[in-house]
Amino acid sequence: MLCTTTSTTSPLNSFGSPWPDLNDGLFYSDAVSTTSDSGLTLIHFYSSKYKNSAPLQGWLQRIHNGQITIDGEVVKEPKAILRDGMELVYHRLRWREPDAPYLLQVLYEDDDMIAVNKPAGLQVLPGGLFQQRTVLMQLQWRASKGSPSLETHGSHPVPVHRLGRGTSGILLCAKTKVAKTSLAAFFAEGTSLIGDSSNTNMEQSKRRKISKIYRALVNGILKQDKIIIKQPIGTARYPGVAKGLYVASASGKPALSKVEVLERDSQLNQTLVQVEIESGRPHQIRIHLSFIGHPLLGDPLYDVGGQPMCFDSEHEDESFAEDGGYERPAKPVPGDCGYYLHAHQLVLSHPTTNEVIKITASLPPILRTQAETEELM
């Protein structure tokens, strides 16, 4: 393995297009199959198969609005009987997505990959109310405009991992299929090693091909200078989160975070920490730091113990919004922002050359130590 290290500490350039007022809407297609769907009514099909999208009354509204077609014809009769081979299409109407930043800084780029500095408040991939206002869409728009590097190689960059919408910092994206496969494997390997008790920490570190270091600001004063957190992470039912909310769970999957105190502020009762994660569970840092009694400052969701502040998992809200879907949950959800977490450094083996690449995203002022602030001034 080549041992050259490339360090990038300042953005090469920025890109991004302002969001249109309304997105393009969405079309969802289904084919009726003999075994499970033939003979069902239209309303039964949608309200049972896609109950996480809208309650029964919401699906009735969508049908009455003419948003569903059968074999290309609009059908407004909820009790229409489905037959084998029918093609169904649901049209989700255009809507204004919540406000989100759109500018991205390029931290590193070559023929195989691009690393951008994602601002807090911008979602990585489509989901929920954010279908267009995402990092993925800005990457696609950039490619379509003929960025020289992208146009030459005919690439379509895609993120190979995720950052929470409220998290800022380094997001790594692949520009070729080969790079995407390799980088995705690097992230997966790092997570799988955590569950392998046959390896020592030193052996694991040698085998890992990617390392991620974050900055975070937490509530309270951490007494220990260094802490290793090995709390497993699983899911639990939670209103507004269809696939379940990730929480600290004894029956969950292995996760490992290494926390180092950088600065304590007893007057404000908060601690600035550096966190290296050796696994990639969703919301891992938020869950782990709250698990040890120090939730991220401003985190609207996770509380002490790695659990949500409000946990009424049995309640189901059947009210629906203007488009027929569920109203936005009254309780906090994972995408809510307000906390301070930044993907600061990333070190990896290049997917095609094996060169060691180090990428750094500049720190938000609130996540700098006093010494770092004075040095910049």
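K175 forms a salt bridge with E109, with the closest N and O atoms 3.1 Å apart. A salt bridge here is a side-chain nitrogen of Lys or Arg within 4 Å of a carboxyl oxygen of Asp or Glu. K175 lies in the loop between β10 (168–174) and α5 (177–194) and E109 in strand β7 (residues 104–109), so the pair ties together parts 66 residues apart in sequence. Helices (H or I, at least four residues) and strands (E, at least two) are DSSP runs, numbered from the N terminus.

This is a predicted model: local features need pLDDT of at least 70, side-chain atom pairs count only at pLDDT 80 or more, and totals for chains, interfaces and linings use all residues. Residues are numbered from 1 along each chain as its sequence is written, and side-chain values use heavy atoms, with hydrogens and water left out.

**Salt bridges**

- The count by this rule comes to 10 salt bridges.
- K175 counts as buried, at 4% relative accessibility. Buried means under 20% relative accessible area, exposed over 50%, and partly exposed in between (1.4 Å probe, protein chains only).
- E109 counts as partly exposed, at 21% relative accessibility.
- E372 forms a salt bridge with R215, the closest N and O atoms being 2.7 Å apart. The pair links distant parts of the chain: E372 sits in helix α8 and R215 in strand β11 (residues 210–219), 157 residues apart.
- R215 is buried, with a relative accessible area of 5%. E372 counts as partly exposed, at 25% relative accessibility.
- Salt bridges that share partners join D21, R96, D99 and R133 into one network.
- R96 and D99 meet through their side chains at 2.9 Å, N to O. R96 is partly exposed, with a relative accessible area of 45%. D99 is exposed, with a relative accessible area of 60%.

**Nonpolar cores**

- The largest nonpolar core has 52 residues, of which L172, V273, L289 and L348 touch the most other members. A nonpolar core is a set of buried Ala, Val, Leu, Ile, Met, Phe, Trp, Tyr and Cys residues joined through side-chain atoms within 4.5 Å.
- β10 gives the most to this core, with 5 residues.
- Another core, of 17 residues, lies apart from the largest one; V32, F45, A54 and A80 are among its members.
- Leaving out residues up to four places away in sequence, V273 touches Y214, R215, A216, V218, L222, V259, E260, V261, L262 and L289. Contact means heavy atoms within 4.5 Å.

- L42, I43, F45, Y46 and S47 are buried in helix α1 (residues 42–49).
- The cover over these buried residues includes β3 (26–31), α2 (56–64), β4 (68–70) and β6 (87–92).
- H288 lies in helix α7 (residues 284–291) and counts as buried, at 1% relative accessibility.
- Beyond four places in sequence, H288 touches I229, K230, Q231, I233, A255, L256 and S257.

**Second largest pocket**

- The second largest pocket has a volume of about 260 Å³. A pocket is an open set of points on a 1 Å grid over the protein atoms alone, where a 1.4 Å probe fits, with protein on both sides within 12 Å along at least five of seven lines. Grid points are joined across faces, edges and corners, and a volume is the space filled by probe spheres set on the points.
- This pocket is lined by 11 residues, with H344, S362, L363, R368 and L376 nearest its centre. Lining residues have an atom within 4 Å of a point.
- β19 (341–349) and α8 (370–376) each supply at least two lining residues. α8 gives the most, with 3 residues.
- The lining divides into 3 nonpolar, 5 polar and 3 charged residues. Ala, Val, Leu, Ile, Met, Phe, Trp, Tyr, Cys and Pro count as nonpolar, Asp, Glu, Lys and Arg as charged, and the others, Gly among them, as polar.
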